[in-house]
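Please look through the sequence and the model below before reading on. The briefing that follows starts from one residue and then widens to the chain.

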Amino acid sequence: MPMEKTFDAQTAEPRIYKMWEDAGAFKAGANASRDETFCIMLPPPNVTGHLHVGHAFNHTIMDMLTRWKRMQGYDTLWQPGLDHAGIATQLMVEKDLAETGQPKRVDLGREKFLEKVWEWKAAKGGQIEQQARRLGDSMDWSRSAFTMSGAESAPATEKPGNFHDAVLKVFVEMYNKGLIYRGKRLVNWDPHFETAISDLEVENIEVDGHMWHFKYPLAGGETYEYVEKDEDGNVTLREVRDYISIATTRPETMLGDGAVAVHKDDERYAPIVGKLCEIPVGPKEQRRLIPIITDPYPDMDFGSGAVKITGAHDFNDYEVAKRGGIPMYALMDTKGAMRADGKPYVEEATTAQAIANGEMEFDEAMIAAMNMVPEEYRGLDRFEARKLVVEDITAEGNAVMTTKMVKNEEGEEVETTVPYVEDKKIMQPFGDRSKVVIEPALTDQWFVDTAKIVGPALDAVKEGRTKIMPESGEKVYYHWLENIEPWCISRQLWWGHQIPVWYGPSMESNADGSRSFNVSKLHMVCAATEQEAQNEFESLYGFKPEIIEGAVSPAQALIDGFAAVQAGKNENAAIKIFRDPDVLDTWFSSGLWPFGTLGWPEDTEAMKYFPGDVLVTGQDILFFWVARMMMMSQAVLEQDPFHTVYLHQLVRDAKGEKMSKTKGNVIDPLDMIDLYGADALRFSNAQMAALGGVLKISEDRIKGYRNFSTKLWNAFSFAEHYEISYPGDAIRPEATQTLNKWIIGETGKVRETVDAAMEAYRFNDAADALYAFTWGKVCDWYLEFSKPILQGDDASAKLETEQTLRWVLDQCLILLHPIMPFITEELWGLADNRTKMLAHADWPTYTANELIDADADREMNWVIGLIDNVRSARAQVHVPAGAKVPVLVTGLDAKGQSAWDNNHVLIQRLARIESLSHVDDFPKGCVTIPMEGGTFGIPLADLIDVGEEIARLEKTMQKLGKELGGLRGRLNNPKFVASAPDEVVAEAKANLALRENEEAQLKAAIARLQEIG
RNA sequence: GGGUGAUUAGCUCAGUUGGUAGAGCGCUUCCUUUACACGGAAGAUGUCGGGAGUUCGAGCCUCUCAUCACCCA
C-alpha cells in the first residue's frame, strides 16, 4: 500500500497508542536488558484534574527521559497515579450535589458524603489519565496509584491499594518519635472551607485598603506631653495628649486587643509605658483597659509607632503576645463572623479586666472560651463589623482627625475636619482555592515538627546527593528550608486520611487510691487501627470503651453523655472514645508518593525502583511537594527519593502572560494535538525546555514542528519513490562512497550530541540538533546527493547508497522517538519485518569518532560550499533558476580536482552546471567564486550586469574585510599571541591565510570586471 | 522591603569552562524542478538594556543604573 501524502495523526495516534498498551510496552521493566533501574514518579495530578499545557510540558520531559532509558535497556518505570486532592475534590463533589439537587454535605453526614465522593471519583475522576494517553505518555498504567487507596471508606469496586496504610503507618511512627504533635497555634484559617490551611496555600495579594487612626484614651484621664522631632532633633510638634494614637487596617480586631506595644527606644511614648489605656469600642461602662508595653516589633517610623496587639488575629501580634504573656482573645467563628457564643459581654469583660489588672490567673483554654465581642456586634460578618466599629468610634470622637479641602454647596473650596483614613495598598492573604480573605485563627491543629526532619533534606542538596536543576533552585530551596515553619497538617475536611488518633476521658488517681474519669481533660491515643486504639484504652480503663460515631461534635457528645449517665452513677457506660474528626493535608500523603506508590510498607518487588531517579515538576511546587518528599523519605526510609530535581517554570502564552479563563488566552493541549498531532506539541515542548527558561507556548511553533513531521514523512516517501526495499532493521554498510561515509559520520555526531544533551537535561539542544540533522543534513543534502546515484547505473554504489539511506533514516527514527513517538513508530512499522517495535528498539552507542571519515567530511563540506557559492552567485546576478551554465576554474589543486572528480555529478546537478573547463585566465565578464584550492568562474559576458557584479563582490569584500581586520588585529597583538592558548592562535592563523587567499581572488575578480567597465 | 531571574534580529527565544553572535517564525525575491508548497533556492536585519571595570580579547566575569517578571514578607 503506498504511503499517504502526509501522516494522519488524528487516526494514527490512537491506533499506535493502543498497540503499545496492548503489547504492554510501557510496563515496569519492559524491554529491560540490564539490571539498572530508571524510575520517574509522575507528580500525581488531582483526581479532579484536566490536562493543561503545564502537564503537557512536563509529561513530554518525563516521557522523553523514560523512552530514552527504556530504549537503552534500563529497567524503567514511569509511575502514574492520582492525588485525592482534599479541598478541590470535596468542593467539586459539593458543587455536584448542589447542581443535581441532592442533600448538602452536612445533611448527608460524613459516611454518606464520603460514599458520594467515591461515587464521583468512579464516574468522573481521573479523566486526565485518558488525556495523558493522547500525549503518548509511556507510563505503566497497570500500576496507577491513588493517594487514598485502601482507605476505610473506599468501596470494594475501587482498585485495591495500600496507600492509606502507608500514610497511617508514617503518621503513627512520626507521632511516636515526637515528630508530630498537636497544639493550639495561630494558623491560616479559610472561612469559606472552614478549615486550617498551610502557609503555602495562602496567596498574598496587594489590594486597596485603608489605614484608620484611632485614639486609645489613657486610663483615668491621665495626660502626657507628646513630642515629635525631625531627623535633626528639632521639635516639630509638642502637645499634651490624653490618648495614644493607633493605626490599624483591621479595626474589628480591636475588640480582641490585649495590649498596645511601642518600641522601647521610642521617646514619644516613654512617659506612658506601663500605664493602661482604653480600647475605645464596646459599651462605655465595660471599656477594657489594656497595658502599654514595649516590644522590638513596632516600627517607630511606621504609622504612629504604636501597635495594638491582637494575638489571636495577626501573626506578628501573636509572637508579641507570646513574648509578653498577653491574652489572645479569639473574636470570630469558623465562618469568619463575629462570635455569638459564650457568656454575655459584661461578664466576659469583667473577667478580662481582672486578667489585665493582674488580679486573675488565666490559661489558654479559659481565654479561648471567652467571647470579647459586645452584643451589638455578635454574629456580624467580619467586614460588616469593621464598618460598624469604625462608625461607632468616630461617632464617639475617638477617631484621629485631619483637615481636608472639600467643595461646599456653592461649589467653593472650604476646609473641613474629617477622620484620618489613609488609602493604602495592603497585602492581604487569600485562600489559593477559595479566594476568600484568610483569617489567622487560634485553633487546635496537628503539626509536623519540620525543624526536626529538615536536616537530612538540606544536606541532600548541600552534599550534592540531590541535584536541583536549574541550579538557582538550590538557593531558593536552602532559603526556605533554613527558615522552615512547623507544618500544619490537619484539615477540617472529610475527604482525606482521617487522623489516626482517638480521644477518651483521662483517668485520675484520687488520694484514697481510687480512680476517676475526667471528661474535660482528654487522653489521646495514636494507633494505626481502631482496634489497636480500643485495646490501648482498655489497658488504661480496664474495660473496652465504645466509639462515638456520627456526632457533629464528638467531644461535646462525650461530655453530655457522661453527665447524663453520671447522674445515675454508672460511670463506665458513659466512658466512650472518639476519633479525631480532622483529615490530613493532602500534601502529607503526596509526600510519601516516592515509595507509597510502590507498595510500601509491604516489601514488594517494585520497591527496587526506590529511590527513583528524576523528579520533574513546576518550580511553584518545590516547597509544597519536593521538599516534603525529601523530608519524608528521609524521616521514614532514611534515603533520598531521587537524585535529580528538574524544575521548570509556569507555561505561559506566546506573549508570556499567564493563561487564565478570564483573559481568554488559554491554550488547550488537546486542541493542539487535534490540529497538529501530539508529536508536534511534544517537539515544541522539548524545544522550549531550555534550563530555567521562560516557557512560552506558541501555536506557530507547534505548526512548524508539524511541518517537520511531514518533512520526515516525506523522507520516507522519497525512499518509497526510489523503490528502496525495507525488509527489516537496517544495517550500517561499510561505505566506500564519499557521500555515504559523510552522512554516516554526521549521524555519529548527532547521536553524541543528542545523548550529551539528554544527559545534561538540555532537551532543547537535543531537539534542535535532531531538527538540524534531519532537515538540514539528511533531507536538504543527503537525499539530494543520493538522487544521481539512485538513478544511475552503478549497481554497487546504488546498493550501498540504498543501505546507507535506510540506515540513516532508521537512525532518525530511533533518535527522534523519545520526542516524537507516534510518527516515528508509524514509519518504523513500514518495514516488512522488524525485530521489535520502535519503542523497544536499541538505542545506538556508536561514537562520532568511530563513524567520522575525516577526508569524506572535508570533501563533502567543500562540495556543499561550492554548490552554495555557485547558487548564491547565480541568484545575485539573476541567472535564470532553470538555466544550466558552463563553469570555468583556475588553479585547481589536486585535492580540489579529486573532490570535483568524485562529486561532479552531484555538484553539476545541484548547482545546475553544464560543464567544467580549466582555463589559465578568466575571460572578461566572469562571475568569480573563490574556493579553497581553486577559483571557479561563470562566464556570463552577455548576461552579466558588470556594475551589479562589482557591487556583489565588493559587498563580500566588506564582510571579509571586517573579519580580516579582527584576525589581523589579534595576531599583530603580541600579547594575544603570548597569552592565548596555542590552538586558538593556530586557528586564527589558519583562518587568516584562508581569508587572505579569498581576498586576493576577489580583488583579482574586481580588477577584471573594472577592465570591462 | 527581601529574594530569584530576565533584558540578544520585526516576533519568540538559544548561546555550557571568556576566542569575536545563532535557530524558528515572520519578511523580500525567484521557483509548482519526478520525496515534500506543511516545499525548494537565494537574501536582508543586531551600538547582545545604559554606563564603568577586569582581560590580549566580554553577549558570557565584576560593579553600577534602568526596566520587566516571578516568589516571599
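**Around Met148**

Leaving aside its neighbours within four places in sequence, Met148 is in contact (heavy atoms within 4.5 Å) with His84, Trp118, Trp495, Gly496 and His497. This is a predicted model in which local features need pLDDT of at least 70 and side-chain atom pairs count only at pLDDT 80 or more, while totals for chains, interfaces and linings use all residues. Residues are numbered from 1 along each chain as its sequence is written, chains are lettered from A and ligands numbered from 1 in the order in which they are written, and side-chain values use heavy atoms, with hydrogens and water left out.

- Met148 is found in the loop between strand S4 (145–146) and helix H7 (163–176), where helices (H or I, at least four residues) and strands (E, at least two) are DSSP runs numbered from the N terminus.
- Met148 has a relative accessible area of 1% and is buried, a term that stands for under 20% relative accessible area with a 1.4 Å probe, counting protein chains only.
- Between Met148 and Asp83 there are 7.7 Å in space, C-alpha to C-alpha, although the two are 65 residues apart in sequence.

**Chain A as a whole**

- Chain A holds 32 helices and 34 strands in its secondary structure.
- Its radius of gyration, taken over C-alpha atoms, is 39 Å, well over the 31 Å that the globule rule (2.2 Å times the number of residues to the power 0.38) gives for 1013 residues, so chain A is more spread out than a compact globule.
- Along the principal axes, the C-alpha atoms of chain A fill a box of roughly 120 × 75 × 60 Å.
- Of the 1013 residues in chain A, 54% are buried, and among contacts with a separation of 6 or more, 77% are between residues 24 or more positions apart.

**Strands and their pairing**

- Strand S1 (residues 37–41) has 4 of its 5 residues buried, so it is largely enclosed by the rest of the structure.
- S1 pairs with strand S2 (residues 75–79) in the parallel sense over 5 bridges, pairing being counted if DSSP finds at least two bridges between two strands, and Thr37 has Asp75 as its bridge partner in S2.
- An open sheet of 4 strands runs in the order S23-S22-S25-S24 with mixed pairing. Strand S23 (515–526) and strand S24 (546–547) stand at its edges, each with a single partner strand, so one side of each is left without a neighbour in the sheet.
- Within this sheet, strand S22 (residues 501–509) and strand S25 (residues 576–579) pair in the antiparallel sense over 2 bridges, and the bridge partner of Tyr503 in S25 is Phe578.

Note on methods: Buried means under 20% relative accessible area, exposed over 50%, partly exposed in between (1.4 Å probe, protein chains only).
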